[in-house]
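Subject: Structure handover

Hi,

Here is the structure we talked about. Please open it first, then read my notes below.

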Amino acid sequence: MNNNLQRSWLIVPASSADAVAKAAKSGADVVVLDLVELVRDAQKPAAREQCRAAMDAVRACGAQVFAQIDPQHHEADLRASVWPGLDGIVVSRAESPARIMAIDKVLTALETERGMPAGAIGMVLALETARGNQDAYEVASASRRVRALTLGRADLVMDLRPEPSGEIHQMPYLMERLVIIARALNVTPLGAWWRAPDRGLLATAENTLQAAKRGRAVGFKGALCLRADQVEPLNKIYA
Amino acid sequence: MAQQKVRRSGLTMPIVTPRFVDQAWRRGCDFVTLDLEDSVPQNRKDYARTLVKESIPKVTRAGTEAFVRINHEHLQADTAAAVWPGLSRIKYPKTETADEVRALDALITRYERERGIPSGTIEIDPGIETAVGVTNVYDIAAASPRIKEFGATNGGYDMSRDLGVEMFVPYDQFVYLRGEANLAARALGLGVRAAPFIANTTGSVSDGNRALRLAEAARACGLRVGGGGLNPAVVESHNIGYTPSGADVRDAHWVLEQFERLQATDAPWLEVEGRVIDRYEAERARGTLQWAESCAARNREKAEAVAKVRAQLEQQQAQQ
């Protein structure tokens, strides 16, 4: 596997060893160990504890590993996930430049503390809120570690729903805006052009293929997904 | 966001046409916009200003909110004429800068004080109708705490003219304009005025069926701010279209029941009958139920007010 490819980003709960093992063998270029969306609050401590082992399980299969962290609990999430072998972090609901700078600082300290090359950990910002999108340029400029931008689950976080045309309300605008800002900052725009009836990052393999085709046409270079059967269509289209 | 006011339907009417203003209470609107602007000829602008104070109670007695649309170029005179007890909002057309909004805010603040209206009562509704307005859209929306709802719908005549684009075309030429205003409203936590794109190649403004389809599509997108009607034929369509249906309410209860089941497990979501159930769906369902309640309360409030007006009229007739 070409280790630099980042066509498909499969998100799995860091707390589920089964899900992690399956994701590691899914063919995804990147496995994202989630500490935010897919983990219940009560299970967060356990998920953090399992993070390092999960990372090793994924790396053993050759995929890159990212951890999705909660900017509200960034210290705990970063301490749990930033170990040698981690490729980067996804910051969910990124919306504050100050918070991105704070995260950058913690990453720098952990890299030193844990014997990792300085600046090794990259950042993907998930601009899922209206504030994050409104201030996208400033947020994405806040750290040199930022490598990519995505709308993540903006449709759910902002409660954007399908129009009669099948477009998700407001998404064509948000996608084009994100692509322009990402290219202006020389970072990678990630995403796919989901339409009704697909929801969030959940869709059938066929609908994922179509979403990826439209996404590639609008400028995206890879996409996040939640199901193993979405990996193959993403790898095919974003090749 | 504060509890959103129920503003599903609204008619804009020339304040100088008594048969419209006198009958406004019969229309069933959530709000009426008394117009000093485009529907009033230049030579009647002075006269129009003298009518605002007496027109407001004619509208509000039916439980309908009274708004006034002022002329951009007559900010001082129109605001002085419009700020009276009972007024809910001033619509400020062709807003182009935040400074303009702040100037209007200062004028309203002054007249609220002078005329015994609690400070901050009257809202401002900036209309984005020009290219310059679009470039300053976020600053305009953020310029005053009197702005509670914000957005741009589908261009409108003024915007189309300013941009040099055609209005009644079968494709969506206002993606960017709508997106900018919509995003600003959401980022500031304001009520979002927006509409999904549905082609209107006829230019009709009095088609009740089309109005219903549009309002229902907007409701399906979670949008709640309606109005903008010019013809009484669309009012009931807007009231119905923006109100959750019985099926919506039943579905919301079903979603919340499924969510209860999910809560008993460790899973982040459940798939039931081909649908995903998670905290986002639960949040949406709770929002639907709350909105249904708000709409029902607003309907009762209006019905009671209208019944009172009718009783008064009957009494007057009996006395004659």
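Start with chain B. An automatic or database domain assignment divides chain B into domain 1 (10-243) and domain 2 (244-320). Keep in mind that this is a predicted model.

How far apart are the centres of domain 1 and domain 2 of chain B? Taken over C-alpha atoms, the separation is 26 Å. The two domains do touch: 8 residues of domain 1 of chain B and 9 residues of domain 2 of chain B make up the contact. On the domain 1 side, the touching residues are 2 nonpolar, 3 polar and 3 charged.

Next, look at helix 3 of chain B, residues 75-82. Its buried residues are B:D78, B:T79, B:A81 and B:A82. What covers them? The cover includes helix 2 (45-60), strand 3 (65-69), strand 4 (87-92) and helix 4 (98-114), which belong to chain B.

Now chain A. It has 10 helices and 8 strands. Its C-alpha trace spans about 50 × 35 × 35 Å along the principal axes. A compact globule of 239 residues would have a radius of gyration near 18 Å, and chain A has 16 Å, which agrees. Of those 239 residues, 56% count as buried. Consider the contacts in chain A with a separation of 6 or more: 66% of them join residues 24 or more positions apart.

Then the cores. In soluble globular proteins, nonpolar side chains tend to be buried together. Here the largest nonpolar core has 150 residues. Which of its members touch the most others? They are A:V31, A:L33 and A:L125. Another core, of 5 residues, lies apart from it, and B:A252, B:V255, B:F259 and B:A285 are among its members. Go back to A:L125 and find its contacts. Beyond its neighbours within four places in sequence, A:L125 is in contact with A:V91, A:A94, A:V139, A:A140, A:V146 and A:L149.

Last, the place where the chains meet. Here 21 residues of chain B are in contact with 23 residues of chain A. On the chain B side, helix 8 (175-187), helix 9 (208-220) and helix 12 (279-319) each give two or more residues. Helix 8 of chain B gives the largest share, 8 residues. The chain B side divides into 15 nonpolar, 3 polar and 3 charged residues.

Best wishes

Definitions and conventions
Residues numbered from 1 in each chain as written. Chains lettered and ligands numbered in written order. Predicted model: local features only at pLDDT ≥ 70, side-chain atom pairs only at ≥ 80, totals over all residues. Buried ≥ 20, exposed ≤ 12 C-beta atoms within 10 Å, placed from the backbone. Helix = DSSP H or I, 4+ residues; strand = E, 2+ residues; numbered from the N terminus. Contact = placed C-beta atoms within 7 Å. Rg over C-alpha atoms; globule rule 2.2 N^0.38 Å. Core = buried A, V, L, I, M, F, W, Y, C linked by C-beta atoms within 7 Å. Nonpolar A, V, L, I, M, F, W, Y, C, P; charged D, E, K, R; others polar.
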